[in-house]
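Visitor: I have a model to go through with you. Could you take me around the ligand and the metal site?

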Amino acid sequence: MPLTGPKIPLIIDCDPGQDDAVMLLLAFASDEFDILGVTTVAGNVPLELTQRNARIISDIAGRSDVRVFAGCDQPLQRKLVTAEYVHGKTGIDGIEIFEPETPLQKTHAVDFIIETLMASDLDSVTLVPTGPLTNIALAMRREPGILPHIKQVVLMGGAVREGGNTTSSAEFNIYVDPHAAQEVLHCGRPVTVVPLDVTHQALVKPGIVDRIRQLDTTVAQATVGMLEFFNRFDSHKYGTEGAPLHDPCTIAWLLKPDLFRGKSCNVEVETDSELTMGHTAVDFWQVTGRPANATWLYDIDKNGFFELLIERLSRYAS
Ligand code: BDR
Ligand code: CA
């Protein structure tokens, strides 16, 4: 359910991660959004780094006005699995790390989500999770009264056609907290899923990096640094010329849904089998009779996506 008209109230929940960082830069540059807050969760790296990374990116973007919150440092039931082998030990290797000026808010992210939603109009706030879904699921558990205030959830996670990127069955965000993912998918509000099936089409080829470099701004330099680091590992892993730019696809879908194709489906998460833990079982052909609970995106106009990203990055002043 893409939104049009007045500014879209958003809460972004992330685990930066270079691709989360580019997602934040895309969102910060887009005046279609009223970003109510950025909440962070343990995922790509531990929470103490994801919250700092979100604040570093806010500093680089000149958006210290956006409040940043730290949330859960462990998944709901399982032990945290991180991905330094992809993102480097800081999570955003490729840029210089510094102590950010953007402050960390004292309120826990889950409390912030609950308080903000309860104070918002019904059917008004869009949630954009691009990490494990722990914070979002916990907020829904603690205060089910938030549900009618949620307009929609647009999350990056899952895979069908592409198979897993963390195990043979599972994508990272869902694998790390499958119980949270299953709860969010069944929250009863509109959920749009941006899986690997889409993001593996959005490869950052060298020509894209060159165009961003030519913008010649601080934000562009930071973006290039992160993308070049990220590209190294994933290009090798997938045998492609560039790495998939996962998380910015969520924001791109909100801005330009016509760039994507999706289908209303039943999606369930495996939470029992260790072999297939975190697998997203997608009833793409409606064979199970289970009711649809999500819009599963499966295709992207990658050229249109990168044009949008570069145009938005060009909005940052040097
Ligand atoms: C997802 O996992 C993380 O490594 C990325 O930030 C993205 O959110 C892709 O599987
Ligand atoms: Ca992420």
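Visitor: Where does ligand 1 sit?
Guide: Ligand 1 sits in the largest cavity, where sitting requires more than half of the molecule's atoms to lie within 2 Å of the grid points. A cavity is a set of points, on a 1 Å grid over the protein atoms alone, where a 1.4 Å probe fits but cannot get out. This is a predicted model, in which local features need pLDDT of at least 70 and side-chain atom pairs count only at pLDDT 80 or more, while totals for chains, interfaces and linings use all residues. Residues are numbered from 1 along each chain as written, chains are lettered from A and ligands numbered from 1 in the order written, and side-chain values use heavy atoms, with hydrogens and water left out.

Visitor: How many residues surround ligand 1?
Guide: There are 13 (a heavy atom within 4 Å counts), and the closest are Asp-19, Asn-44, Asn-165, Glu-171 and Asp-247. The shell divides into three nonpolar, six polar and four charged residues, with Asp, Glu, Lys and Arg counted as charged.

Visitor: Which polar contacts does ligand 1 have?
Guide: Taking N or O pairs within 3.5 Å, a polar side-chain atom of Asp-19 lies 2.6 Å from an oxygen atom of ligand 1, the side chain of Asp-247 has an N or O atom 2.7 Å from a ligand oxygen, and for Asp-20 the corresponding distance is 3.0 Å. The protein covers 97% of the 280 Å² of accessible area that ligand 1 has on its own, by the Shrake-Rupley method with a 1.4 Å probe.

Visitor: Switching to the metal, what coordinates the calcium ion?
Guide: The calcium ion (ligand 2) is coordinated at 2.2 to 2.5 Å by Asp-15 (OD), Asp-20 (OD), Asp-20 (OD), Thr-130 (O) and Asp-247 (OD); the donor cut-off for Ca is 3.2 Å, and the site may look incomplete without water.

Visitor: Which parts of the chain does the pair Asp-15 and Asp-247 tie together?
Guide: Asp-15 lies in the loop between β1 (8–14) and α1, and Asp-247 in the loop between β8 (243–244) and α11 (248–255), so the pair ties together parts that are 232 residues apart in sequence. Helices here are DSSP runs (H or I) of at least four residues, and strands (E) of at least two.

Visitor: And where is the cis peptide bond?
Guide: The cis peptide bond joins Pro-16 and Gly-17, with omega about -5 degrees, and Gly-17 is found in the loop between β1 and α1.

Note on methods:
Polar contact = N/O pair within 3.5 Å; in protein donor to acceptor, adjacent residues only side chain to side chain. 1 Å grid on protein atoms, 1.4 Å probe; cavity = no way out; pocket = protein on both sides within 12 Å on 5 of 7 lines; lining within 4 Å. Donors = N, O, S within 2.8 Å, 3.2 Å for Na, K, Ca; no water.
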